[in-house]
Amino acid sequence: MIRVLLVLSLLANAYLWYRLHAIEHAASLSTSSHNPSATQEFETTHHTDTTRLSKRLSQPTKQNSLKEQILTLYEQQQWPSLGPLITEYLAKQPRDWQVLFIEGQYLIHTQTSAVGIAYLYQLLNQVDDPAISNNISDYIDAHMQNLIRALLFNQDWYALSLLLEPLIQVDPLHRGFIETLATSYAEQNLPNAMFNTLGAVTQDDVIYQRVVERWRQRYGEATNNSKSSDALSSQNEQYASSIALMPNGNQWLTEIRLGGQTMTLLLDTGASTTAISQNAFATIPTSNKQFLGRIMVNTANGQSQGELYRLNGARFGQWTFAEMDIVVLNQAELANDFDGLLGMNLLNRFAWQFDATNGKLLLTARN
């Protein structure tokens, strides 16, 4: 019996030795043949993932790319294309002051200067970046000075009042806004609006005295019986020159050279500022035009909105001018057989009279 047990023990030990040897051999084969390829595959996968991560880190994020597009379009002055990008970007980055500043300028170019400047005033109360704050203040001052100076020179009192009415609500103590808005009302003979605006200053203030005196001289009793203007003075007045007009139904057309281009304009005494179509405007070289603002204007067809530009050079008949302001109107607002409207900002430079019998415009330049 003991012999049998010894034999079984030897057989069991032999089997265990065989299994251990087989396992070691399999491990050896696995290390020599399978593992190197597995290690290479791991290293390749790891290298690929690392490369992809590196590329992702080195490439701009979607937000950065979007801002780059905004800045590029801003530099190119491509205002209509900016709106959707600004909206998308600010939805995720609502306190990016640089883009918010651009949005204010976008509103000036696509809505009106009044809307855009009011927006920038509100932005000034929120911005926490001194550099951006200074840029916004400088921009507001420069834009408003250029635009107000142009409207005053053009005597476009209606556009001036529409520009300043919302802005004086934002900055009610701005003395320049008070005087200019009150003056625009005085020139339109709107005394109630004029005195309401002057309510922000005392009656002994120089602004109050200057505006009220201007209104009284223009519309007071002392001048009611005088000639309304030297543009419609005595038939005996001798005019220095005349310009032939071309009939257009019941209206009249005339030629003028603006920004180096000859254009045909409809004589329109209801237009405060001379206006041209987008197509006509596109023919003027960029170097000959400067954007001043976007305003509301009056024409014979009613109220309209357009961009106000200053052009380098104008010639009307024998007279030449270094500068001339025009409003660019949508093409649909003008007929196809002329380029725009000859407005009062040009005619006010002359004593003029319309000779309907002979189809002529009689002119004498004002001193």
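**Figure 1. F195 and its contacts in a predicted model.** In this predicted model, F195 touches Y208, V212 and W215, if we leave aside its neighbours within four places in sequence. You can find F195 in helix α9, which covers residues 191-198.

**Figure 2. M194 and the largest nonpolar core.** Which residues does M194 touch, not counting those up to four places away in sequence? They are A182, Y185, A186, V211, V212 and W215. M194 also belongs to the largest nonpolar core, a set of 67 residues. Together with L120, M144, L163, L164 and L198, M194 is one of the residues that touch the most other members of this core. Helix α6, residues 130-154, gives the most to the core, with nine residues. A second, separate core holds 28 residues, including M263, I284, M324 and L342. Here is a general idea to keep in mind: in soluble globular proteins, nonpolar side chains tend to be buried together.

**Figure 3. The second largest pocket and its lining.** Take a look into the second largest pocket, which has about 390 Å³ of space. Its lining is made of 14 residues, and Q77, W79, H109, E307 and Y309 are the closest to the pocket centre. Which element gives the most to this lining? That is β6, with four residues. Helices α3 (79-92) and α4 (97-110) and strands β6 (289-299) and β7 (302-316) each supply at least two lining residues. Sorted by class, the lining has five nonpolar, six polar and three charged residues.

**Figure 4. Q77, a loop residue at the second largest pocket.** Q77 returns here from the pocket view, where it was among the lining residues closest to the centre. Q77 sits in the loop between α2 (62-75) and α3. Its phi is positive, about 60 degrees, although Q77 is not a glycine. Q77 has a relative accessible area of 44% and is therefore partly exposed.

**Figure 5. N189, a loop residue with a positive phi.** Where does N189 lie? Look in the loop between α8 (175-187) and α9. The phi of N189 is near 55 degrees, a positive value in a residue other than glycine. N189 has a relative accessibility of 35%, so it counts as partly exposed.

**Figure 6. G260 in the loop between two strands.** G260 is in the loop that runs between β3 (251-258) and β4 (261-267). Its relative accessibility is 35%, so G260 counts as partly exposed. Now find A314: G260 and A314 are 54 residues apart in sequence, yet their C-alpha atoms are 7.4 Å apart in space.

Figure 7. How many helices and strands does the protein have? There are 13 helices and eleven strands. Of the 367 residues in the protein, 41% are buried. The protein exposes about 21,100 Å², and carbon and sulfur atoms supply 51% of that area. Among contacts between residues at least 6 apart in sequence, 57% join residues at least 24 apart.

Notes
Residues numbered from 1 in each chain as written. Predicted model: local features only at pLDDT ≥ 70, side-chain atom pairs only at ≥ 80, totals over all residues. Heavy atoms only, no water. 1 Å grid on protein atoms, 1.4 Å probe; cavity = no way out; pocket = protein on both sides within 12 Å on 5 of 7 lines; lining within 4 Å. Points joined across faces, edges and corners; volume = space filled by probe spheres on them. Nonpolar A, V, L, I, M, F, W, Y, C, P; charged D, E, K, R; others polar. Core = buried A, V, L, I, M, F, W, Y, C linked by side-chain atoms within 4.5 Å. Buried < 20%, exposed > 50% of the residue type's maximum accessible area, 1.4 Å probe, protein only. Contact = heavy atoms within 4.5 Å. Areas by Shrake-Rupley, 256 points an atom, 1.4 Å probe, with all protein chains shown as cover.
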